[in-house]
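Here are my notes on this one, as numbered points. Have the model open while you read.

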Amino acid sequence: MTHSRNPLVALGTGLLLLTLWCASILVQMSVDREMAPYRESPEMLWITSGKVLRVLSMGQQSLLADVYWTRAVQYYGSRLRDHKTDFSLLAPLIDITITLDPQLLVAYYFGAVFLSEKAPRGAGDPRKAIELLQRGIAANPDEWRLWHHLGFIYYWQLQDYSRAAAAYQEGAKNPKARDWMKVMAAVITEKGGNRETSLYLWSRIYDSTEDPSIRANANGHIQALQAQNDMEELERLALKFREQTSRWPDSISEMVSQGLLKGVPRDPAGFRYRMQPGGRAALYPASPVRPDFDTSPAPPPAASP
Amino acid sequence: MAAIEINGLSKDYPVGFWRKRPKRVLDNLSLNVKDGEVFGFLGHNGAGKTTTLKLLTGLIFPTEGTAQIHGQPIGSPKAFQNIGYLPENPYFYDYLTADELLDYFSRFFPMTPGQRRERCKTVLEQAGLTEFRNVALRKFSKGMLQRIGIAQAVLHNPDIVLLDEPMSGLDPVGRRDVRNLILQLKSAGKTVFFSTHILSDAEALCDRVAILHRGRLVGVGQIAELLKRQSGLEVVVESCPAALLPRLQSLADAPLTVSGSHHRMEIPEENVAQLLGLCASNSIRLLSLNPLRFSLEDYFIELLRSNDQQPEPATKANAS
Amino acid sequence: MIVAQTLAIARNTFREAVRDKVLYNLVAFAVIMTASALLFGEISIGIQKSILINIGLSSISVFGLLIAIFLGIGLVYKEVDKRSLYALLSKPVHRWQFIVGKFLGLNLTLLVNTLFMSLGLWASMYYLTRGFQPEDIHIWTAIYFVLLELFLITAVCLFFSCFSTPILSAIFTFLIYIVGNSASDVRDFGKLTENATLEWLATLVYYLLPNFSDFSAAGLVSHGLPVPGHLVLLNTSYALCYSGILVIAAVWIFSRRDLK
């Protein structure tokens with residue numbers, strides 16, 4: 001074969017290779033689309049034992065933990081986005097992650113929130129979340145925030161106020177723990193479940209992490225609680241209006257003119273509140289705030305910087 | 001049209017680890033091989049013989065220069081149709097039998113199945129390996145491998161056969177077999193171009209030889225021609241008076257050697273008459289007068305010695 | 001003539017592989033592995049079958065990979081190193097035919113091996129369930145995917161064999177296989193970082209690497225589910241495209257090389 005150092009041949013070959021590569025990208029994208037529904041099948045977790053994986057990882061546990069952590073996050077995100085209510089793989093994925101890397105704290109936090117949250121926002125398995133946190137505490141005795149998450153699950157999901165207070169108490173023993181831990185222990189013991197405490201604790205959860213999913217979720221709860229507070233206050237004022245005028249107010253502006261409010265209040269998302277017949281407060285229809293955050297369907301992805 | 005025509009062929013290899021500098025292993029080779037001749041390509045190891053053959057067979061690519069085989073540029077399909085090649089220290093697939101190997105190679109040429117079988121049988125016979133047709137090549141001795149190598153080279157009846165060190169590593173019987181095969185090829189009218197560093201073989205077989213030294217062509221021509229220039233006579237004289245020694249010396253090519261009262265020298269043929277005259281008129285006793293068997297080996301070593309004084313061939317990079 | 005020559009090279013490559021005894025050991029191992037899945041006696045039949053299929057397909061895949069690498073690394077290198085190539089290339093045949101012929105020959109070898117190993121799997125399944133279900137036919141699709149995967153791996157191996165020593169070729173091919181299996185994780189990593197540049201880079205790497213996870217259908221077929229028809233077509237195209245790239249690149253490199 002004559003050896004041609006012909007630049008034209010080089011160019012032609014280069015173009016051919018580039019074309020083939022582009023074709024392969026297109027095909028790959030189609031495959032990804034096709035395979036998306038199957039990617040979460042149990043096949044992904046054929047080896048469900050973290051211990052076995054640790055052996056198989058041949059010393060690269062940390063990396064493998066990161067890989068599984070990534071998968072857990074993607075799994076959760078895609079289930080949420082597709083409005084699925086079944087998060088059955090979340091627990092095993094997080095379990096494997098922390099078996100491979102017991103010091104991956106964000107995995108515990110993520111698991112604590114989304115394993116305990118009810119559908120459609122989570123797996124609805126607070127017991128599993130508690131077990132997770134207990135393993136985390138054993139592996140990271142200095143991490144007081146784990147106690148915080150543990151206490152919060154007892155408080156919010158299980159309404160077990162004595163255990164909740166005990167957890168906050170335990171966590172408060174750590175000299176690095178914030179002061180509010182001790183306060184919470186006392187408050188919960190005294191008052192049990194109330195909106196003010198809940199609001200405070202969800203805000204602490206919001207502060208405790210950079211993870212966008214956890215923050216979005218916490219924010220949803222915070223806004224819900226704030227809205228509940230606001231609406232309760234509005235209804236109280238409506239009652240007052242009724243006492244003064246013997247009828248329910250038609251709108252909030254009426255209550256303003258009556259002198260009960262300084263201006264039309266806005267909900268945490270910035271939309272005005274409305275007044276409905278019978279003295280019931282309501283949100284502006286377009287407002288993304290959901291007072292019943294716990295049980296309403298998941299909104300479009302809120303985790304977006 | 002020459003069978004093989006080489007014009008200014010040069011080859012550089014990059015040498016070195018970080019900054020690769022080109023090392024010229026073949027420098028400006030120009031050579032013509034005529035149809036039907038047996039041409040020997042001589043040189044010590046590393047002179048560039050194998051490089052030249054690999055260039056001719058398209059295994060490596062020239063840095064400069066061109067070559068044609070029956071007018072076709074090297075590397076073109078037509079060129080390959082016309083040549084058969086035996087590489088140095090050949091290794092063929094050792095899991096194949098001789099028959100299978102020839103059958104496999106024959107499939108690269110346009111032959112009908114009948115022709116294929118015919119040719120395989122013929123070349124096997126010519127190589128004297130018929131009884132080993134079904135023996136796996138891994139059991140072949142070196143001599144047998146060389147012979148099957150020549151067999152596969154002539155499978156398609158090419159006009160030109162290129163052999164790289166066909167006699168290397170063979171015992172005398174093996175050498176003789178290969179030599180006979182080459183003679184067979186010659187009598188069939190083929191051009192044989194082979195490289196070797198065994199000069200006695202070249203002397204016995206070749207019509208013409210070329211000598212390569214450090215990548216450069218330092219001599220080419222018919223053997224008889226090359227050697228004639230250097231042939232002469234060896235003379236031993238006795239009782240030569242000291243005064244006459246310079247005159248004796250002037251007739252010789254090389255300094256005289258002395259042992260006792262004997263003087264030995266080598267003189268060219270044309271000076272013989274003068275010498276005899278000198279001896280007769282001065283009563284110098286002529287002890288012996290013998291023709292010098294100046295062999296190719298001597299020529300070779302002479303040539304190499306004189307060329308060793310020349311500098312390394314310039315590469316493309318540091319030339320001009 | 002060109003086709004006949006290329007096929008001759010392919011046939012010879014196949015012949016060489018068949019006469020290599022190590023091959024048989026590997027195939028035997030694969031069959032043993034599959035049969036050993038039957039020893040999971042404690043588990044209920046339903047899951048046992050699914051585990052058998054998983055182990056079987058994995059064995060075929062892994063051992064196929066080993067055979068592909070083992071034979072592939074020497075594919076070009078051995079011929080250049082031992083110089084058996086010299087006699088071949090001095091004949092009127094192009095260098096690209098040599099590369100393509102070797103590639104086809106190796107794939108033929110793997111095809112035959114995979115079929116043998118598959119027979120082992122089917123035999124084990126029959127032993128387990130004493131009969132076949134209609135949905136078992138989908139297992140052939142999974143096996144086809146394994147073949148596509150091996151097709152791609154041989155291309156990778158061939159590519160490296162053109163310029164690299166056997167050991168390095170083996171290491172590179174193995175690494176690419178491992179990373180290629182986690183290709184989607186690479187992309188997800190990129191998404192996890194909030195850095196646009198890194199994410200773009202990760203996506204680029206994702207599309208550059210051969211994505212082997214496309215070919216795993218074990219999860220579906222071990223539960224008796226069919227593989228969507230589109231996927232078969234897409235995967236075939238992907239394997240062809242990507243292998244095409246590697247073979248062309250291999251030919252390119254090899255055609256310009258001075259043989260030692």
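This is a predicted model: local features need pLDDT of at least 70, side-chain atom pairs count only at pLDDT 80 or more; totals for chains, interfaces and linings use all residues.

1. Residues are numbered from 1 along each chain as its sequence is written, and chains are lettered from A and ligands numbered from 1 in the order in which they are written.

2. Back to chain C. Buried residues (20 or more other C-beta atoms within 10 Å of their own, C-beta atoms being placed from the backbone) make up 48% of its 260 residues. The C-alpha trace of chain C spans about 60 × 55 × 30 Å along its principal axes.

3. Now the side of chain B that touches chain C. Counting a contact when C-beta atoms, placed from the backbone, lie within 7 Å, 22 residues of chain B meet 19 residues of chain C. At least two residues each come from α2 (77-82), β6 (83-86) and α3 (98-106) of chain B, with α2(B) giving the most, three.

4. Also have a look at β14 (residues 285-291) of chain B: of its seven residues the number buried is zero, so the strand lies largely in the open. Strands count as paired if DSSP finds at least two bridges between them; β11 (residues 233-238) of chain B and β14(B) pair in the antiparallel sense over six bridges. Glu238(B) stands opposite Arg285(B) in β14(B).

Key:
Two residues are in contact if their C-beta atoms, placed from the backbone, lie within 7 Å. Helices (H or I, at least four residues) and strands (E, at least two) are DSSP runs, numbered from the N terminus. A residue is buried if 20 or more other C-beta atoms lie within 10 Å of its own, exposed if 12 or fewer, and partly exposed in between; C-beta atoms are placed from the backbone.
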